[in-house]
Amino acid sequence: MKYVERAFHALRELGLKQIGLYALYRLGLQLRWFPVEPKPGSRWKPSPHFAPLFELPSRDRLRSVLSHADEQRLFQEANAIAQGRFPPFGAGELLLRWEKTSSHQTWIAYALGVAKQDDKRAQASPAGDELTSDWRYAWEPARLGWAFTLGRAYYLSGEERYARSFWDLVEGFFEANPPYYGLHWVSAQEAGLRILALVFALHVFARAEASTPERLTSLCYAIALHAQRIPPTMMYARAQNNNHLLSEAAGLLTAGLALPHHPQSKAWVSRGWREFVHGLRTQIEDHGAYVQQSANYQRMMLQLALWVGRMASSAGLAFKGVVLQRLQAATRWLIALMEAENGRLPNLGPNDGSQAVPLSVCPFEDYRPTLQAAAMAFLGEHLLPAGRWDEMALWLVGELQEAPLNSEQLVALHTASGSPPEPLVLCAPAARTWAYLRAVEFRSRPGHADQLHMDMWWRGHNLAMDAGTYLYNAPPPWDNSLSSTLVHNTVTVDGQDQMLRAGRFLYLRWAQARLVTLERDAMGNPTRAVLEHDGYRRLGLIHRRHVSLLPQEGWLVEDFILPLKARAAGRVEAHRICLHWLIPHGLFKVESSQDYAIALEWEWGRARLQLHCATEGGCLVSAPELQIICAGELHYGSGECPPILGWYSPTYGVKIPALSVRLQVQACAPLKMQTLWQLSESASSNTRS
């Protein structure tokens with residue numbers, strides 16, 4: 001019955017086209033339809049010559065936005081890469097050790113899961129870590145993103161050692177991973193992203209002493225082989241209809257433009273542009289939200305659009321009409337969620353640490369480089385004054401003589417709410433606090449079960465957090481488990497997700513949310529919202545959340561668990577209801593076990609969290625229970641302690657301790673659970689860790 005139910009929801013929600021394309025791809029694997037040997041083109045003779053697709057920015061202009069400390073940070077990262085140490089996902093460290101792939105295992109064997117276990121070793125190993133079971137740790141350095149760092153360091157310093165390091169690393173990679181053999185040729189998306197890095201390297205290292213004609217010829221040949229890997233399996237990318245399609249299309253277009261004398265060049269450019277434009281048109285909602293319901297994937301989409309826009313301009317192609325409108329909306333959507341003090345965003349949805357074109361010295365969690373460039377390219381205006389976040393724009397956009405948005409315009413973007421209400425932001429600029437509320441009407445498959453999640457910020461800090469992702473492919477409990485309702489700042493009923501988890505990356509039986517009311521203050525800032533979702537309709541319940549910004553005090557959040565319809569006498573059913581908040585790790589003190597008041601303290605301020613539970617015509621079967629969990633261990637209260645609670649993952653493969661505060665009760669609906677956030681300016685010393 002479970003299989004039938006999942007098949008029904010998959011067909012209804014994903015659609016016959018997506019399922020059919022995926023089935024065709026799987027059939028092609030089984031029947032070995034796809035090529036396992038490269039065919040670079042019999043009428044094409046590789047040469048060291050390529051078409052320049054963009055003009056390198058002025059070194060003086062780059063230095064004008066990068067401080068001496070910024071340059072040193074870039075050189076330090078490039079030096080580490082030259083020594084074989086690479087920071088994946090913006091954190092941690094991998095050793096760039098390419099292990100030779102077995103000559104008997106084609107990419108199809110890996111895609112079917114029949115490759116020998118010995119050949120599934122990560123080909124770049126985490127230094128001192130045991131995360132090599134996750135393929136993302138093998139794929140990330142194999143995307144060659146480190147080439148952007150080496151290239152930028154070489155361009156600014158002129159030091160030949162960076163060029164020599166690039167050639168040593170890239171030649172080592174291709175020697176260990178011959179075309180179409182091994183893990184790194186399984187996904188055409190990986191091939192597409194490597195093309196971007198290789199074409200960037202062609203432009204930056206073309207005149208280096210280490211870039212001999214033979215080496216440049218081999219690089220052009222490699223680009224052609226990568227481009228040929230993409231079209232045969234593009235049906236899979238169309239079935240996914242997400243960043244896979246955009247990455248593959250961007251790679252195909254870029255290869256075709258860079259190699260104009262290749263016999264398939266025009267076909268690559270034509271299909272790459274067509275698929276990329278189709279992807280933008282179908283993957284971005286009218287109001288700007290991206291199909292993958294993820295802040296990081298939306299940033300990746302904008303980076304790919306910036307790259308393609310810059311490359312395609314050399315062929316007279318440009319984003320126009322509805323596609324440009326979608327890119328403008330997507331840019332504004334992310335800007336509305338950006339913390340102006342540091343460029344951070346809510347850790348919304350899947351976050352696998354991806355960046356298509358890492359062209360900035362800013363840390364991974366800083367979205368300002370991408371949003372500054374996107375605002376210039378798609379909105380025709382600066383988002384921010386000049387700063388180190390301008391580097392990406394100088395590479396991918398060029399110069400734009402336009403003043404940055406003023407504070408009033410930034411607030412307007414920050415408080416804008418679309419229709420449907422995404423992103424729904426409540427804010428009090430004077431109090432330096434704002435909150436993002438998840439209330440989505442899904443039209444594409446969600447990545448997280450996070451309806452009515454509240455992400456709250458105060459004085460530049462993320463006070464009520466989204467846990468993130470951590471890992472996709474590790475053994476339980478870390479098999480993408482941070483996507484569940486349990487870890488989000490919302491209410492869980494009977495320990496169930498809001499939606500049916502049908503796979504590691506797939507939710508079905510989508511919970512749909514709606515905005516009931518929205519109120520604004522005299523200045524037009526949204527300050528109160530009522531939302532609800534139907535994810536527990538199968539239990540006969542609905543979750544409604546009232547969020548109010550309290551002047552000079554904090555936030556009041558009221559959660560109502562309501563019956564969908566009146567129950568017959570004697571048929572009232574009790575449910576285990578849990579309210580959860582994820583808070584930055586700090587000092588805490590439970591002031592009262594009766595009204596569940598918790599004092600919280602960090603270096604940057606303190607807050608008081610007070611929880612309350614009351615029946616609204618229902619009944620309490622048990623007394624409410626308070627739990628405080630840190631790093632999977634119970635620090636206050638009693639009962640079960642899920643190991644995935646009390647963790648925050650700022651980027652892929654990284655998890656740091658946080659505080660999970662849970663109030664649980666066995667009750668019959670209707671039930672009200674109340675949270676009062678009181679924000680203070682000063683700190684005290686009466687709390688503990």
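Modeller: A quick note before we start: residues are numbered from 1 along each chain as its sequence is written, and side-chain values use heavy atoms, with hydrogens and water left out. In this predicted model, local features need pLDDT of at least 70 and side-chain atom pairs count only at pLDDT 80 or more, while totals for chains, interfaces and linings use all residues.

Biologist: Happy to begin! Which element gives the largest share of the lining of the second largest pocket?

Modeller: A pocket here is an open set of points on a 1 Å grid over the protein atoms alone, where a 1.4 Å probe fits, with protein on both sides within 12 Å along at least five of seven lines; lining residues have an atom within 4 Å of a point. This one holds about 640 Å³ of space. Among its 34 lining residues, Glu77, Pro87, Gly90, Gln355 and Pro358 are the closest to its centre. Helix 4 (68-82), helix 7 (146-157) and helix 16 (368-379) each give two or more residues, and the largest share, 4 residues, comes from helix 7.

Biologist: Nice. How many residues of helix 9 are buried?

Modeller: Helices are DSSP runs of H or I with at least four residues, numbered from the N terminus, and buried means under 20% relative accessible area with a 1.4 Å probe, protein chains only. At the start of helix 9, a side-chain oxygen of serine 187 reaches to within 3.2 Å of the backbone nitrogen of glutamine 189. Helix 9 is mostly covered, and its buried count is 18 of 18.

Biologist: One last thing: which backbone oxygen does the side chain of asparagine 489 reach?

Modeller: Asparagine 489 is in the loop between strand 7 (461-464) and strand 8 (491-493), strands being DSSP E runs of at least two residues. At 0% relative accessibility, asparagine 489 counts as buried. Residues touching asparagine 489 include His453, Arg545 and Trp581. At 2.9 Å, its side chain reaches the backbone oxygen of methionine 465.

Definitions and conventions:
Points joined across faces, edges and corners; volume = space filled by probe spheres on them. Buried < 20%, exposed > 50% of the residue type's maximum accessible area, 1.4 Å probe, protein only. Polar contact = N/O pair within 3.5 Å; in protein donor to acceptor, adjacent residues only side chain to side chain. Contact = heavy atoms within 4.5 Å. Lists of a residue's contacts leave out its neighbours within four places in sequence.
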